[in-house]
Amino acid sequence: MCFSCSEREMEREVLLPISACCNLSLQSRRRDRENMANGGHNIVSGVTSGTGSLSREERRRRRRATQKYRTAHATRERVRVEAFNLAFAELRKLLPTLPPDKKLSKIEILRLAICYIAYLNHVLEA
């Protein structure tokens, strides 16, 4: 139960999720309690609704299976990877290497950056 519920309401609405105790009306909370008693199925007039019987995880899987979601996710991932690669390129420009145009892997860039920072720190302390 959340802290915004009154003592009496907390006693009456035992074992409901936080969203049920705060955001839903008393009628909705009764319906949720009845659904939990029916094994979690949303039964209306003896007919199970299409999405009411699905778990949250199953609804998430179905939503992620749509072409629109996959396309949007792929676009977001592409933008993220491009930004990541640009950041590595900028870091690479700041590091001294011989030859200066040598292609370094990401792990080599990170290791070289660590060594270079340690070297600069050593120079400052001396």
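Y116 and Y119 sit 3 residues apart in helix α6, a separation of about one helical turn. Helices here are DSSP runs of H or I with at least four residues, strands are runs of E with at least two, and both are numbered from the N terminus. This is a predicted model, in which local features need pLDDT of at least 70, side-chain atom pairs count only at pLDDT 80 or more, and totals for chains, interfaces and linings use all residues. Residues are numbered from 1 along each chain as its sequence is written, and side-chain values use heavy atoms, leaving out hydrogens and water.

**Confidence**
- The protein averages a pLDDT (the predictor's confidence in each residue, from 0 to 100) of 75, and 59% of the residues score at least 70.
- Confidence is highest in helix α6 (residues 106–125), at a mean of 96, and lowest in helix α2 (residues 18–22), at 43.
- Over residues 1–25, pLDDT stays under 50.
- Where pLDDT is low, the predicted coordinates should not be read in detail.

**Aromatic pairs**
- The whole structure holds 2 aromatic pairs, meaning Phe, Tyr or Trp rings (six-membered ring for Trp) with centres within 6.5 Å; planes under 30 degrees apart are stacked, over 60 edge-to-face, and the rest tilted.
- F84 and F88 pair edge-to-face, at 5.0 Å centre to centre with 70° between the planes.
- Both F84 and F88 lie in helix α5 (residues 67–94), 4 residues apart.
- The ring centres of Y116 and Y119 are 6.5 Å apart with planes at 20°, so this pair is stacked.

**Exposure**
- F88 is buried (under 20% relative accessible area; exposed is over 50%, partly exposed in between, with a 1.4 Å probe and protein chains only), at 11%.
- F84 is partly exposed at 41%, and Y116 is partly exposed at 29%.

Technical notes. Contact = heavy atoms within 4.5 Å.
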